[in-house]
Amino acid sequence: MPLTVRSSAFSTVIDGAKYAESHEFVTIEDGVGTVGITDFAQSELGDVVYVDLPEVGATVSKKETFGVVESVKAASDVYSPVSGEVVAVNEELADNPALVNSSPFEDGWMMKVKLSEPSETDSLLDASAYKAHCEADH
Amino acid sequence: MVPFAGWSMPIQYKDSIMESTIWCRENGSLFDVSHMCGVSLKGKDATSFLEKIVVGDIASLADGTGTLSVITNEKGGAIDDTVITKVNSDHLYLVVNAGCREKDLNHIEGHMAEFKAKGGDVNWEIHDERSLLAFQGPKAAGILQGMTKSELNTMYFGQFRMIDLNGIPCWVTRTGYTGEDGFEISAPDERTLELTEAIMAGEGMRLCGLGARDSLRLEAGLCLYGNDLTQDITPLEAGLAWTIGKRRREAWDFLGGDVLKAQHAAGIKKRRVGLVIKGAPARSHAEIQTADGQTIGEVTSGGFSPNLKKNIAMGYVEKKFGKAGTELKVLVRGKLNDAVVTKMPFVQTTYFKG
């Protein structure tokens, strides 16, 4: 999927994705959402040293915790921006959790979810709204 | 920036905690630890007074040397840990934790009033007019040597000197909270910025915040008061029996000494241990279990070690499970992860002992 990358003084957003205010993103293709945390989120957390992900086959719900990202200083819950069944998780993160820092929108993705309620994504933020949300946070 | 014991403190500067922790061990880092509270006890009875409330053999310290010690309560628990320096027999200098300042000062003041009422000669000075910098890492000594005529290669771990650094009158102790060679430098407030700039002009020096300070002390196996040491934990349980001087261990003549004497005779039931943990990092309050599921203690601090690239922690377990190599489990978010009791410090310390 071609992604347009926009950088700001704070962090990068990508145009193809939808965003939750809690700083997760989802990109959707053929009814399957790829979920991860944003560049803004990874830069706030600092070096990621461990990622707890759900099992494939598990059900996740919008705004509910689906995993935990551990940085050197703390453990942070991450929330699913969509509901559905987990069809894949990024196994690479077990050995290389720092991918979340170096490539949050691509190699550092966390899970793929088969959407049970595709209309849910309507209420997520687009790239410009999310960017404004991050800037307001600072 | 975060609020910390009434101060606003940086968790990190420009570097990430990971980078900053590694940088200190490979190069050198400067920490602003002015939040910590420096206190001088002066008077001809300062030593005998202090020995009533701490476990260390202060009388036997040579002038210009210091040691880690513990301020105990009536139950032998730790009110605080502190580095005590004997400047000379009439002047002792302590640095206590910022988070314990009020509690410690009230405690000292109460006992001092009692001591003086019986004719003891002791007074205190609280050094709010001074700032404290910690300068740590393998390059620290070289840079500091360029700022003073005092020969630092004859100043060993734990030693103290009142010397000028670039003409600034400083109190320098060769100590720290990282496991590295380094110094803690007390300077007059109005010249601390100048001193900081002079040190930071040294090649490869970086500022280090609270986040990396915590990682460094954990790697060095040093207690964080409030987590690994509390008023309900005794120095014997905390692995700090070595701070109780031999003479003190015969007389047990300090606050809570009777309790510690009994505990020493009966043997401790729990002890502080180091753990290396697989899977997710274990943080404070994570439950520690045996392989067969019996709960035997909890983690008091833990995280990912930037230098060792693995999860390390310290915690308290029943004594019989405290031997290095013992395989245990740690419960993190409902998952039991493998843990091995490991000797501390986790990293090799590089204290300058000549």
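Contact, in this talk, means heavy atoms within 4.5 Å. Helices (H or I, at least four residues) and strands (E, at least two) are DSSP runs, numbered from the N terminus. Axes are lines fitted to C-alpha atoms, for helices over the stretch in contact, and angles run from 0 to 180 degrees between N-to-C directions.

Now a word on the source. This is a predicted model, where local features need pLDDT of at least 70 and side-chain atom pairs count only at pLDDT 80 or more, while totals for chains, interfaces and linings use all residues. Residues are numbered from 1 along each chain as its sequence is written, chains are lettered from A and ligands numbered from 1 in the order in which they are written, and side-chain values use heavy atoms, with hydrogens and water left out.

Let's start with chain B. Helix α1 of chain B, residues 17-26, lies across β3 (29-32), β9 (130-136) and β13 of that chain. The helix runs at about 115 degrees to β3(B).

Which strands make up the open sheet in chain B? There are 6, in the order β10-β11-β12-β9-β3-β13, with mixed pairing. Two strands pair if DSSP finds at least two bridges between them. At the edges are β10 (160-165) and β13 (206-207) of chain B, each pairing on one side only.

Look at one pair inside that sheet. Strands β11 (168-173) and β12 (182-188) of chain B run antiparallel, joined by 3 bridges. Val172(B) sits opposite Ile185(B) in β12(B). Helix α5 of chain B, residues 189-200, packs on the sheet and touches β3, β9, β10, β11, β12 and β13 of chain B. Its direction makes about 145 degrees with that of β12(B).

Two backbone details in chain B come next. Most residues other than glycine have a negative phi, and most peptide bonds are trans. Asn166(B) has a positive phi, near 50 degrees. You will find Asn166(B) in the loop between β10 and β11 of chain B. Met344(B) and Pro345(B) are joined by a cis peptide bond, with omega about 0 degrees. Pro345(B) is in the segment after β19 (335-342) of chain B.

Over to chain A. Here too 6 strands form an open sheet, ordered β3-β4-β5-β11-β10-β7, and the pairing is antiparallel. β3 (18-19) and β7 of chain A stand at the edges with a single partner strand each, so one side of each is left without a neighbour in the sheet. β3(A) pairs with β4(A), residues 24-29, over 2 bridges. Tyr19(A) is opposite Phe25(A) in β4(A).

Now, how do the two chains meet? Chain A gives 11 residues to the contact and chain B gives 15. Together they bury about 1,100 Å², 53% of it on carbon and sulfur atoms. Buried area is the accessible area (1.4 Å probe) that two parts lose on being put together, summed over both.

How many salt bridges cross the interface of chain A and chain B? The rule finds 4. A salt bridge is a side-chain nitrogen of Lys or Arg within 4 Å of a carboxyl oxygen of Asp or Glu. One joins Arg333(B) to Asp52(A), at 2.8 Å, N to O. Arg283(B) and Glu70(A) also meet in a salt bridge, at 2.5 Å, N to O. That pair runs from the loop between β14 (270-277) and β15 (287-289) of chain B to strand β8 of chain A.
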